[in-house]
Amino acid sequence: MEKEIAIAIVGGTGSLGSALALRLARPGIRVIIGSRDREKARTVVESLKKSLESGTLEGKVNREAVKEAEFAVIAVPYEGHATMVTELKGQLAGKTVIDAVVPLRKGRPFVPPAGSALLEAQEILGGEAPVVGALHNISAVDLQQPNAPLGDVLVCGDSDAAKQRVMEIIHRIGARTFDAGPAANCYVVEGLTGVMIYLNRKYKSKHASVKVTGIGE
Ligand SMILES: NC(=O)c1ccc[n+]([C@@H]2O[C@H](COP(=O)([O-])OP(=O)(O)OC[C@H]3O[C@@H](n4cnc5c(N)ncnc54)[C@H](OP(=O)(O)O)[C@@H]3O)[C@@H](O)[C@H]2O)c1
């Protein structure tokens, strides 16, 4: 029998985290929603369970959520990113970290001092956990709908093995993935989300996403 995978979502009570939790739980992955507030995590889980026919969803404080999982998705606003990764450093050691954070200021992308959110996490974790950048350009609104088609996911990072593990997980939520290169490429992928936000505003949509053409067609 296949080993059960557990994925913690730090900031899992938010738009991206809760939509992702539903998509991951449906194919049978154990999902632990993390929050700074235990009660909030439990309330969000109870509410999400109403739209989940099967699967395992739990709610815990971020530290406990990460401790129990092999994968940890970081899904907090950029303002809380460095503090959160620093606070969780001990628990994140040995896990595969999936960083979905986009540095945004008033809805506009910017390049942070480390070069990207992914490089910032990598700097803080100092090799104790591989960090893979992914899911930045996915629409939380699409994720929330069980059968809505998803955009492609560009995956960056310096560990090929960790990227491979993350791509396998993302396939299970129904998205195509592409290895988009090393961690140094991630500022481009993070910044693209700023373009998606602009496109959504300009064309009154909530679904702008990225599609790669010319590969595997
Ligand atoms: N929404 C999308 O469509 C989307 C798509 C791709 C990538 N992203 C990126 O994913 C991340 C999360 O996006 P989101 O829209 O889900 O954000 P969000 O709803 O504003 O926040 C997510 C959760 O983060 C926690 N949080 C808020 N401020 C925090 C802080 N200062 N420090 C630590 N935790 C904090 C909150 O959880 P608790 O109060 O429960 O702790 C909140 O529910 C962002 O970096 C965003 O750029 C979003």
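Contact here means heavy atoms within 4.5 Å. The structure is a predicted model, so to speak of local features a pLDDT of at least 70 is needed, side-chain atom pairs count only at pLDDT 80 or more, and totals for chains, interfaces and linings use all residues. Residues are numbered from 1 along each chain as its sequence is written, and side-chain values use heavy atoms, with hydrogens and water left out.

Start with the overall picture. The protein has nine helices and ten strands; helices (H or I, at least four residues) and strands (E, at least two) are DSSP runs, numbered from the N terminus. Its radius of gyration, taken over C-alpha atoms, is 16 Å, close to the 17 Å from the globule rule for 217 residues, so the protein is as compact as a globular protein of that length. That rule is 2.2 Å times the number of residues to the power 0.38. Along the principal axes, the C-alpha atoms fill a box of roughly 40 × 40 × 35 Å.

Of the 217 residues, 52% are buried, where buried means under 20% relative accessible area, exposed means over 50%, and partly exposed is in between (1.4 Å probe, protein chains only). The protein exposes about 10400 Å², with carbon and sulfur atoms supplying 53% of that area. Those areas come from the Shrake-Rupley method with a 1.4 Å probe, and for residues only the protein chains shown count as cover. As for how the chain meets itself, take contacts between residues at least 6 apart in sequence: 73% of them join residues at least 24 apart.

Asparagine 137 gives a local view of such packing. It sits in the loop between strand S8 (131–133) and H7 and is buried, at a relative accessible area of 4%. Not counting residues up to four places away in sequence, asparagine 137 touches Leu154, Val189, Leu192, Thr193, Ala208, Ser209 and Val210. Isoleucine 197 is 60 residues from asparagine 137 in sequence, yet the two C-alpha atoms are 9.5 Å apart.

Valine 66 is another buried residue, with 1% relative accessibility, and belongs to helix H3 (residues 62–67). With neighbours within four places in sequence set aside, valine 66 is in contact with Ala8, Val10, Ala72, Leu88, Gln91, Leu92 and Lys95.

Now for the charges. Side chains of opposite charge can pair when their charged atoms come close. The protein has 27 positive and 24 negative charges, and their mean positions are 6 Å apart. Lys and Arg count as positive and Asp and Glu as negative, while His and the chain ends are not counted; each charge is placed at NZ of Lys, CZ of Arg, CG of Asp or CD of Glu. A search of the whole structure turns up eleven salt bridges, a salt bridge being a side-chain nitrogen of Lys or Arg within 4 Å of a carboxyl oxygen of Asp or Glu.

One of them joins glutamate 53 and arginine 26, at 3.8 Å from N to O. This pair links distant parts of the chain, 27 residues apart: glutamate 53 is in the loop between helix H2 (38–49) and strand S3 (56–61), and arginine 26 is in the loop between helix H1 (15–25) and strand S2 (30–35). Glutamate 53 is exposed, at 65% relative accessible area.

Within helix H2, lysine 49 and glutamate 46 lie three residues apart, about one turn of the helix, and their side chains form a salt bridge at 4.0 Å, N to O. Lysine 49 is partly exposed at 38%, as is glutamate 46 at 48%.

Lysine 211 and aspartate 152 form a salt bridge too, at 3.4 Å, N to O. Lysine 211 lies in the segment after helix H9 (186–202) and aspartate 152 in the loop between helix H7 (140–144) and strand S9 (153–157), so the pair ties together parts 59 residues apart in sequence. Lysine 211 is exposed, at 53%, whereas aspartate 152 is buried, at 1%. Elsewhere, salt bridges that share partners join Arg30, Glu58, Lys60 and Glu68 into one network.

Finally, some backbone angles. Lysine 106 has a positive phi of about 50° although it is not a glycine; this residue lies in the loop between strand S6 (104–105) and strand S7 (108–109) and is exposed, at 82%. Lysine 204, also not a glycine, has a positive phi near 50°. Lysine 204 is in the segment after H9, exposed at 74% relative accessibility.
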